[in-house]
Amino acid sequence: MGSASTTAPTSHFNLTLLEIPRHLFKDFQPQNSLKLFWAGRLFALETEKQLTGGFRMNTQVFITGQSRIPMTLKKDPTLTCTLIENPYDLRSALGGDENDKIVVVFLPFLEVRHFDLYSFLQKSIKNVKIFFVVNELSSNMKIRLKHNNDFVVLWKTEENNLPKDIHAYLDGRQLELRQDKRETQDTRAMLSPSMLPLGVENRGFQPILGGSFENISLNGSCLKIKAPFYTKKDFINLTYQNKQGEYVSVEGQVRWSKWNETEQSQELGVQFLTQA
């Protein structure tokens, strides 16, 4: 997934004292001129960010179904989090301004009654989006959610991605439920070109490489390697030791790849073609 290119806008802000809001002049004294200067400068920067799309007020996030605010959300300075012990208190908490509000609901099991309750809440209050974080889903509920994009549903194992997913939603991106739960995998993987006949279609030199798992499920995985050897549609062989201590070898296809400049690693999304 590529990032959109942006062009730095030319600044049109050279504020004079007359353009600074009147409340900044309150109790003005000559010795306070430096404070006034910096107050005006901050105002100019914030105005510029708002007009150029680089500034967003803190998003309010309301969490229910947990005894404490998750650390991943606490660490994000752009999110203002509030814990709601009783979900029936959400309606009063969500009243007030019409800015975007996120409700994160932690549930062991998503049932029809939860679906109906939060569907009504989301439809009756403007600019509210419900995020469910669940341990399990029935087959019927999976089908229902696949045909209903009103909610964002994440597996409990993906809780660490909550801030990223919230920002993705706020940026207008569509978030879909993963078919299977993604589990963590501490052991490393060995990656090589597939031994299937289709593996010969891979382009370029592709040595056997060690990689680390971001997550893994029954049908696929996300992993990282230290060099950009693989591209979308390449066929690979993945060997690793599972949590039971058994060595597993699966064939798969790269569904997406991207280079992480910060970590100097290639990230790969792999769909398994054979069962682990």
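Is Phe-132 buried or exposed? At a relative accessibility of 0%, Phe-132 counts as buried (under 20% relative accessible area; exposed is over 50% and partly exposed lies in between, with a 1.4 Å probe and protein chains only).

1. Basis of the note. This is a predicted model, in which local features need pLDDT of at least 70 and side-chain atom pairs count only at pLDDT 80 or more, whereas totals for chains, interfaces and linings use all residues. Residues are numbered from 1 along each chain as its sequence is written, and side-chain values use heavy atoms, without hydrogens and water.

2. Aromatic pairs. The structure contains four aromatic pairs (Phe, Tyr or Trp rings, the last by its six-membered ring, with centres within 6.5 Å; planes under 30 degrees apart are stacked, over 60 edge-to-face, the rest tilted). One of them joins Phe-131 and Tyr-169: the ring centres are 6.1 Å apart and the planes stand at 80°, so the pair is edge-to-face.

3. Placement of this pair. Phe-131 belongs to strand S4 (residues 128-136) and Tyr-169 to helix H6 (residues 162-170), so the contact ties together parts 38 residues apart in sequence (helices, H or I, of at least four residues and strands, E, of at least two are DSSP runs numbered from the N terminus). Phe-131 is buried at 0% relative accessible area, while Tyr-169 is partly exposed at 25%.

4. Phe-132 and Phe-151. These residues also form an edge-to-face pair, with 5.1 Å centre to centre and 75° between the planes. Phe-132 is in strand S4 and Phe-151 in the loop between helix H5 (139-146) and strand S5 (152-155), 19 residues apart. Phe-151 is buried, with a relative accessible area of 5%.

5. Cluster. Phe-132 and Phe-151 form one aromatic cluster with Phe-115 and Tyr-118.
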